[in-house]
Amino acid sequence: IDKIIEKGNIISDFPYSRPVYNPLRKLNHEYRTIYVDNYILFYWIEEDKKKVVIARVIYSARNIENIIK
């Protein structure tokens, strides 16, 4: 959990430093990702509110396409 919090602090300071996640189908948000050990944090940026929203923390071996919408 400490590593996830640490990565969350990094993306709050530099939210555009991570790549955009490009799935096979269109999503409601432009997700970005950051890896933490065996997990992937999915987040989007609310520019107008100056806020980063961490939407999901998913085990990397899972089928991501079926989970992220």
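User: Is Arg32 buried or exposed?

Analyst: Buried means under 20% relative accessible area, exposed over 50%, and partly exposed in between, with a 1.4 Å probe and protein chains only. Arg32 is buried, because its relative accessible area is 9%. This is a predicted model, where local features need pLDDT of at least 70, side-chain atom pairs count only at pLDDT 80 or more, and totals for chains, interfaces and linings use all residues. Residues are numbered from 1 along each chain as its sequence is written, and side-chain values use heavy atoms, with hydrogens and water left out.

User: With which residue does Arg32 form a salt bridge?

Analyst: A salt bridge is a side-chain nitrogen of Lys or Arg within 4 Å of a carboxyl oxygen of Asp or Glu. Arg32 pairs with Glu30, and their closest N and O atoms are 3.5 Å apart. Glu30 counts as partly exposed, at 49% relative accessibility.

User: How many salt bridges does the structure hold?

Analyst: There are five. Among them is the one between Glu47 and Lys50, at 3.5 Å from N to O. Lys50 is exposed at 71%, whereas Glu47 is partly exposed at 43%. Shared partners join Glu46, Lys49 and Lys51 into one network of salt bridges. Within it, the side chains of Lys51 and Glu46 meet at 3.7 Å, N to O.

User: What does the confidence say?

Analyst: pLDDT is the predictor's confidence in each residue, from 0 to 100. The chain averages 88, and 99% of the residues score at least 70.
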